[in-house]
Amino acid sequence: MAEVLDRKMQTLPVPVKVVPAEKIEPNRLRTEEMVLNVGPQHPSTHGVLRLEAVLDGELVIDVVPFLGYLHRCFEKHSEAMTYPQVIPYVDRMDYLAPMNGELGYALAVERMMNIELPEKVEYIRVLFNELQRIASHLVAVGTFGMDAGAFTPFLYCFRDREDVLEIFEKTCGARLLYNYIWVGGLSHDLHPDVLGMCRAFVKKSRATHKEVNELLTFNKIFVERAANIGVLPADVAINGGASGPMLRGSGVKWDLRRNDPYSIYDRFEFDIPVGTGMMGTLGDCFDRHWVRMCEWEQSLNIIEQILEKFPQNDKTDVQKAVPKRIKPAAGEIYSRVETARGELGYYIVSKDDIKPWRVKVRSPAFVNLSLLPIISRGYLMADLIVILGSVDIVLGEVDR
Amino acid sequence: MTNTEIYDKLKSAFGEKIGEWHEQTGTEYMKRMSSYADVADSGYIRDVCLYLRDEPELGFDSLLLLSSLDNGDKTLSVTYHLESREKKQFIALKVTVPENNAVVPSVTDVWSHANWHEREAWDMMGIKFLGHPDMRRILLDEDWIGHPLRKEYKHPDFYRGMKVPY
């Protein structure tokens with residue numbers, strides 16, 4: 001046995017000459033770039049998004065997003081539908097904030113046809129839009145916390161979101177995809193219990209807001225994870241078309257509810273929160289999170305004002321202004337609203353028909369996602385997940 | 001400035017390159033946001049956009065939407081909705097190109113926002129953007145044949161050997 005081993009030893013190659021430590025030149029050491037595939041089936045991509053990250057060690061050199069895994073041909077479908085038939089498809093784009101999307105579409109067609117709405121309808125629309133904004137921000141804040149490693153706030157957020165969904169269920173029977181806001185009206189009047197439920201929700205949500213702030217926003221571990229990464233300067237944000245919390249996080253005071261008021265938003269008092277760089281750099285992930293937290297509070301303020309002013313004794317039929325025949329005159333419109341994610345625009349071309357000739361959507365998540373490569377270059381791979389979470393994309397809206 | 005004044009200013013700067021003004025009838029909102037100017041020479045769209053962005057009086061710092069459109073008469077259009085946040089001005093521009101030679105200069109280097117919208121216009125409508133840094137399909141697969149949002153598009157019976165069910 002020993003002989004065999006001995007012979008083997010002899011056939012082994014001569015050991016490589018070892019370079020003494022003082023002769024190593026670190027600058028000449030070469031590293032390989034590596035392409036890491038993230039998704040499409042990955043919880044932290046918030047849906048079916050595929051990212052190809054080019055890494056140098058742990059550093060992200062470039063990110064290339066690949067879309068289309070949830071492409072459902074919204075624009076092609078809507079050319080084959082009549083105007084009101086498009087609304088259920090609109091729901092399925094931004095499935096975390098369908099009320100916002102419905103309002104955007106209904107408003108675009110109403111602006112084309114010059115429809116005046118009863119005041120009660122406007123109040124209900126704004127009430128539900130603000131509730132929806134809170135529900136959407138709750139998901140955004142919760143999942144963002146989860147991306148950074150905090151699990152508990154997620155459960156608190158979803159518990160509160162449930163209350164909003166119950167309000168919607170009581171009103172129109174659907175919890176997620178409503179088909180509630182119609183061109184010229186609403187599908188159902190408010191259930192008598194709803195205003196009371198809203199009051200209870202506001203009270204409860206204020207407590208949750210405080211709780212989430214304590215648990216998540218000012219948690220040292222979370223701040224360390226979120227501050228100073230994914231910095232988006234204001235000029236890049238404007239040039240890149242960013243909107244919503246992404247733009248406001250960079251310190252730009254821009255909210256369509258104020259800057260281009262629609263519906264009855266000009267009647268309510270509310271602030272436009274902007275990022276200030278309070279935990280690090282202006283426009284980092286923490287700022288975007290902070291803007292969402294503040295907007296949550298502002299939406300609660302708006303809801304309280306609506307509950308005060310709501311015309312409860314108004315018995316107007318909510319479908320009073322719904323036109324018998326929806327057929328806008330030939331022309332085109334670009335109409336926009338502020339959703340939970342940013343500026344949602346509809347470009348509708350009408351050729352004097354009951355079907356739209358062309359519907360193109362400017363979806364805020366699509367545009368915000370296009371800035372991901374710019375804001376994630378030069379950070380660590382682990383930070384890329386946090387940065388993507390702070391953008392708050394909904395893949396249904398990105399792919400349409 | 002109202003958008004008609006901006007149109008006059010464009011007209012004096014570019015002359016014949018700028019075509020007709022299409023005023024939208026209907027509501028005031030439509031007039032303000034959606035009335036558009038034709039850019040008669042599609043090759044000049046980037047220059048017009050640069051002018052709109054850099055002229056201090058105009059200052060169109062953001063592109064709201066770049067959208068493609070099949071006019072149904074063998075021509076395709078690209079519409080640009082622009083906004084100046086500081087001065088609260090709007091204007092829309094439209095270029096029209098023939099279907100069999102749909103090439104438009106890219107405005108990605110003017111507003112980086114245009115990047116993905118131009119890719120989408122190529123993917124869905126088959127309009128090529130000259131000077132775009134990354135002219136690939138965005139929503140459909142690389143091997144997809146045809147551009148679905150064109151009006152005469154017929155969906156294929158088979159895709160990679162699989163029957164398309166409807």
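**Exercise 1. Find the order and pairing of the open three-stranded sheet in chain A.**

Solution. The strands, which are DSSP runs of E with at least two residues, numbered from the N terminus, lie in the order E6-E7-E8, with antiparallel pairing. Two strands pair if DSSP finds at least two bridges between them. At the edges stand E6 (331-338) and E8 (358-362) of chain A, each pairing on one side only. On average, neighbouring strands here are turned by 15 degrees against each other, direction ignored.

The model is predicted: local features need pLDDT of at least 70, side-chain atom pairs count only at pLDDT 80 or more, and totals for chains, interfaces and linings use all residues. Residues are numbered from 1 along each chain as its sequence is written, while chains are lettered from A and ligands numbered from 1 in the order in which they are written.

**Exercise 2. How many bridges join E6(A) to E7(A)?**

Solution. Eight bridges join E6(A) to E7 (residues 343-350) of chain A. Take Ser335(A): its bridge partner in E7(A) is Tyr346(A).

**Exercise 3. Describe how H5(A) and H15(A) pack.**

Solution. Helices are DSSP runs of H or I with at least four residues. H5 (residues 119-147) and H15 (residues 381-391) of chain A pack at an angle of about 180 degrees, with axes 9 Å apart. Axes are lines fitted to C-alpha atoms, for helices over the stretch in contact, and angles run from 0 to 180 degrees between N-to-C directions. The two helices, H5(A) and H15(A), are therefore roughly antiparallel (over 145 degrees). Now the residues: Thr143(A), Phe144(A) and Asp147(A) in H5(A) meet Ile385(A), Val386(A), Gly389(A) and Ser390(A) in H15(A). Contact means C-beta atoms, placed from the backbone, within 7 Å.

**Exercise 4. Which residues does Leu93(B) touch?**

Solution. Leave out residues up to four places away in sequence. Leu93(B) then touches Tyr36(B), Ala37(B), Val39(B), Ile45(B), Val48(B) and Tyr80(B).

Conventions
Parallel < 35°, antiparallel > 145°, perpendicular 65-115°, else oblique. Contact = placed C-beta atoms within 7 Å.
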